[in-house]
Amino acid sequence: MKPFAASFAAVLTTAFVLSACAGAGRPSPAPVFVLADSGYLSPEALARLAEAAPSAPDANSAADRQDRDQSDRFRALEQSDRWLLATAHAELRPPLALQHFDCALGLRLGGDAETPTLDRMAAKAFHDVRTVSEQVAARARRARPVSNDPDRPACERLTPAMRDSAAYPSLGAAAGAAYAEVLAALEPDHASAVRRIGRQIGVSRMVCAMNYPSDVAAGAALGRAVALQIIAAPAFQAEAEAARRELEARRAAGLTNPGCAAERAALAATAAD
């Protein structure tokens with residue numbers, strides 16, 4: 001591992017540790033993931049979104065071959081700083097997934113129970129995005145890069161089931177795009193910055209050899225479509241003001257993520273944005 005990569009890993013680990021500590025310096029319990037049994041959208045609305053999603057490229061088609069060629073280029077990033085950032089982006093569950101947007105928002109989120117409304121909203125959005133993605137994936141059943149090339153390393157620990165799960169559409173790209181749109185709706189002044197990170201979460205799935213470019217593009221489009229309906233939902237609007245107050249309080253606390261400098265350097269190392 002390169003010297004900077006080692007320092008990036010250390011900073012990234014420190015960022016997660018600090019985010020799990022209480023404000024008074026006492027360690028808090030490990031974060032409990034906030035998962036929802038239902039989301040903002042009805043099953044019928046989710047089914048319509050899944051039905052509207054385009055099909056995956058046919059195996060051995062020109063689009064499929066182009067995907068494979070482009071995927072191979074990401075091998076140059078294996079074990080790089082960008083690779084290490086991709087390992088962090090692999091966590092999609094709230095509240096820790098919201099930490100991916102710390103630097104874009106200029107504050108610190110995730111794992112401290114200070115943003116219960118925002119965490120609950122993110123969990124509902126993740127439920128909807130995952131439900132739609134799974135419905136599309138069941139129809140597509142496209143193999144992942146790490147499945148087509150078993151010797152290719154992934155930047156996360158994989159079970160056989162995960163390695164052989166459907167690649168299309170990319171759930172990571174869908175979740176990144178949806179989180180970004182939700183945060184952009186809550187904090188319009190940071191919309192461009194959070195959307196950039198949402199895109200980069202999708203890029204990370206290609207760096208990790210978990211998805212092809214077409215998977216990521218489809219996932220991002222699906223995530224945005226789901227998020228736009230979520231944002232328009234009365235239930236979302238009813239919670240939005242409380243979530244904005246939580247974000248304002250986090251910013252007023254003056255805490256920022258210590259991994260931001262490393263994140264900027266990692267993102268600058270590639271022109272994938």
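Author: Ala, Val, Leu, Ile, Met, Phe, Trp, Tyr, Cys and Pro count as nonpolar, Asp, Glu, Lys and Arg as charged, and the others, Gly among them, as polar. This is a predicted model, where local features need pLDDT of at least 70 and side-chain atom pairs count only at pLDDT 80 or more, while totals for chains, interfaces and linings use all residues. Residues are numbered from 1 along each chain as its sequence is written, and side-chain values use heavy atoms, without hydrogens and water.

Reader: What makes a space a pocket, and what volume has the largest one?

Author: On a 1 Å grid over the protein atoms alone, a pocket is an open set of points with protein on both sides within 12 Å along at least five of seven lines, and lining residues have an atom within 4 Å of a point. The largest pocket has about 510 Å³, a volume being the space filled by probe spheres set on grid points joined across faces, edges and corners.

Reader: Which helices each supply at least two residues of that lining?

Author: Those are α6 (116–140) and α9 (171–186), helices here being DSSP runs of H or I, at least four residues, numbered from the N terminus. The largest share, six residues, comes from α6.

Reader: How do you know at what angle the axes of α6 and α9 cross?

Author: Lines are fitted to C-alpha atoms over the stretch in contact, and angles run from 0 to 180 degrees between N-to-C directions. On that scale the two axes cross at roughly 140 degrees and come within 10 Å. The crossing is right-handed, a term for a near helix turned clockwise from the far one by less than a right angle. With contact meaning heavy atoms within 4.5 Å, the residues involved include L118, F126 and R130 of α6 and L171, Y179 and L186 of α9. They divide into 14 nonpolar, one polar and one charged.

Reader: Why is the pair C103 and C260 called a disulfide?

Author: Their sulfur atoms are 2.1 Å apart, and the definition asks for cysteine sulfur atoms within 2.5 Å, so the pair qualifies. The structure holds two disulfides.

Reader: What kind of peptide bond joins P94 and P95?

Author: A cis one, with omega about 5 degrees. P95 sits in the loop between α4 (81–89) and α5. The bond from Y168 to P169 is cis too, with omega near -5 degrees.

Terms used
On a 1 Å grid over the protein atoms alone, a cavity is a set of points where a 1.4 Å probe fits but cannot get out, and a pocket is an open set with protein on both sides within 12 Å along at least five of seven lines; lining residues have an atom within 4 Å of a point.
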